[in-house]
Amino acid sequence: MNVSSRRYSTAVVLQVSGRLDQDTCDAFRGQLMGHVDSAAREAGAVVLDLSALEYVSSAGLRCFMLASRQAKAQHGRIFVAQLQPMVAEIFQISHFNLVFQVFPTVREALGAVSAEAAAAYEKA
Amino acid sequence: MLLAALSIALAASLPLVRGLRLAVFDGYQRLFPLERTTTVVTIVAIDEASIARYGQWPWPRTRVAELVGRIGEYGSASIGFDIFFPEPDRFSPAAIAAELPVVPTELAHSLALLPSNDEVLARSIRGHHVVLGIASGAPDPRFPAPPRAPPIAMPAEGLPDIDSLPGHIGNVPVISAAAESRGLMDAGPESEVVRQVPMVRRVQGALVASLGVETLRVAEDAGLKLEPARGGLINLRLGDHATTIQEDGTAWLRMGPHDPQRFVSALDVMERRVNPELLNGRAVLLGIDGIGVQDYKTTPLGEFVPGVEIHAQVIENLFGGVKLVRPAYASLMEAGALAACGLLLIVLLPRMSALQGTHLAFAMVLLLTGSGLVAFLYFDTLLDPAGPAIGTLAVFASVMVGTLSEAERQRRQLREQAARMAGEVDAARRIQMGLLPDPHAALGHDPRYGIAALLEPARTVGGDFYDFFMVDERRLFFVVADVSGKGLPAALFMAAVKSNLKGAALRGGSVGEILTRAQAQIALENPEQLFVTVFAGLLDLDSGHLEYANAGHEPPFSRLERGVPERFGSSGGPPLCVIEDFVFPTQGRTLAAGEWLCVVTDGATEAMNESGAFFSSERLRASLTWVGKDATPDEVMARVRDDVARFVGQAEIADDITLLVLRWKGGQEAAPSER
């Protein structure tokens, strides 16, 4: 599991790659919480780019859920974009699209954050 | 504590420490014996050859007088006697006359008129700068007066620590009167290695120098002066020469090996066969060196030498400016070194490996020994490394023992922790497995349906469970669930979920309502923020109508007796406790007689083989396709279990695997026609 971050205006795009399971979820949770925290403070948003995420276990889903709760408590926002088929199926079965707003592409997710973020993404 | 105790012990010089210290000091002397560089003193020895020629010792004093005369002829600067004459000579003519039983009166009278041997010796001594030997000790009635000695210059405040003795044994008055001076023959206690010798002593109140010091002083015709020095010591000045001695008037001798070059035979002197250079202008010591003579001493070099040679070495030390001192602060320095080494060990050892610690301790011992040697060689100071080294090793040993027992304690803790963890895992598993109903025992033989269930726990217990029970005469409630977590928290949460679901199910309502109601209860007791996926169903055993709700769970498969497996849709809601106010929808369908369902947890579909591939719902579908048309629920379950096991192979099962197979055989009316 690997996380890399990119900033577009007030949005931080976290690209998560590999497998998110019992072994990796603690490390992921630490990083995600940090970004959610700082995004909430500057009224920004975190976009999870899951195009390279191969698999997410129930422990991984719990991470997403806890991040969502924290974001909600801090009035921050998390969007999810570009799910691979396997992860998409897991999201579908577990109805996590009710937890996060899911977008087909990062571009669309950034559009939902703000026009500036989308513009910054276009320019990059 | 130990360190403090050792420091105090060192300062107090316990016998053991003292013994070791002396052994180390002797070691220094043996490693670096003093080379003889001065020839200021020569010993005239009354040796075996002299005794063979002139008869047994003591000789008549006329013979001694003759010897003194010969030495004087060679031009000696002074003669120190390491022999003494406390009684009148019994070979004196008058004494012989008195001794003999029959002596003519005339002869006796004329013998009595001859000068006594003592007078002869006294005459010989006079003018030859003789220093007579005296021995200090207990009071002796023959010598009530303090020995006459030339004054020694002293500081006004005096030197109160100098050894003081109440009496002495000197020489008969006639001889004593003829001598220029007197010196102490004392050379430390009998039967002990001679390390420290008195240089000056107070005898009956008079300050007297040792034979060696006084013989050199007379030879040099100089004055003797004492003054206080640093470290509680005393500086001793003799003309141009100076040395430093201990506060009690003794000096640590820096020893050279026994050297025959120091000696000339009294016989050779008598017969005038000596190289004149050996005596001319030198300080001469007259002593006895013969077998059977008592006055032999052991030196720190381990040699057994005539006592007179010790006096010669005193003179050589003094003349050559060689000194060796042990100042008052030496013990403090040693205690300080021990405290420093000990503290360093106590601080550093616990942070080092055992090997590094051992190296450190040995480096310290080497450093201490080295410092002692450097002090000996370059600062003429006796510092004792043995006490601090032993203390350091003792501290090392006790800290090591402490560290080892600490390590042992930690190992034990780890073992206990591992045992506790194993116990926790076991407890979690017992909770989990103990809550599961036995399909065969729980429901008896209802002809309307068959059920089989399996839970294969993973090594670190997930929170899977299944459950089924009749909510009324017609309807069977069944559930398969998977808690998102592991260990005891998951097991306890699973127990709460299971009982809340059962409670909710028994209160009636649709399956969706049951889940919604259970979620509200469970959310109240979920401190770990776990969630649980649930597939729950309510089967009307008479009509075959199935009502179900899915909370984020893997959709089950169903299969008609002669059909292919068909996967349920994924409609439903998120797992319980993800969105806590979610209202779960209920779905329904009617089963055909003989149709069965297979509900699994993702432990089955996501079981991984060694290359990291999932068993997947597609393999599950294939597995279910190959089941025979009249397979019992047990057979279906076994088929899936075996296929998963074969797929996983040697890989470790990461998550609990749960299977539940339920077959509806038909309503009550149809039951008799069922096989």
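This is a predicted model: local features need pLDDT of at least 70, side-chain atom pairs count only at pLDDT 80 or more; totals for chains, interfaces and linings use all residues.
Let me begin with one term: I call a residue buried if 20 or more other C-beta atoms lie within 10 Å of its own C-beta atom.

Which residues of α5(A) are buried? They are A:Ala117, A:Ala118 and A:Tyr121. These three cover an arc of only 100° around the axis, so they sit on the same side of α5(A). If you are wondering about the spacing, an α-helix has 3.6 residues a turn, so residues three or four places apart point the same way.

And what covers that buried side? The cover includes β1, β2 and α4 of chain A.

Helix α4 of chain A runs over residues 106-113, and its buried residues are A:Val106, A:Ala109, A:Leu110 and A:Val113. Here too the arc is only 100° around the axis, which puts these residues on the same side of α4(A). What do they pack against? Quite a list: the strands β1 (2-8), β2 (11-20), β3 (45-56), β4 (77-81) and β5 (101-103), together with helix α5 (115-123), all in chain A.

Let's zoom out to chain A as a whole. There are 5 helices and 5 strands in it, and along the sequence they come in the order β-β-α-β-α-β-α-β-α-α. Chain A has 124 residues, and 48% of them count as buried. Among contacts in chain A with a separation of 6 or more, 74% are between residues 24 or more positions apart.

Now, how do the two chains meet? On the chain B side, 17 residues are in contact with 14 residues of chain A. Sorting that side of chain B by residue type gives 6 nonpolar, 7 polar and 4 charged residues.

One last stop, in chain B: B:Arg619, which lies in helix α19, residues 616-625. Is B:Arg619 buried or partly exposed? It has 18 C-beta neighbours inside 10 Å, so B:Arg619 counts as partly exposed; the cut-off for buried is 20 or more. If you want a landmark on screen, look for B:Phe647: it is 28 residues away from B:Arg619 along the chain, with 9.5 Å between the two C-alpha atoms.

Thanks, everyone!

Terms used: Residues are numbered from 1 along each chain as its sequence is written. Chains are lettered from A and ligands numbered from 1 in the order in which they are written. Helices (H or I, at least four residues) and strands (E, at least two) are DSSP runs, numbered from the N terminus. A residue is buried if 20 or more other C-beta atoms lie within 10 Å of its own, exposed if 12 or fewer, and partly exposed in between; C-beta atoms are placed from the backbone. Two residues are in contact if their C-beta atoms, placed from the backbone, lie within 7 Å. Ala, Val, Leu, Ile, Met, Phe, Trp, Tyr, Cys and Pro count as nonpolar, Asp, Glu, Lys and Arg as charged, and the others, Gly among them, as polar. The arc is that of the directions from the helix axis to the C-beta atoms.
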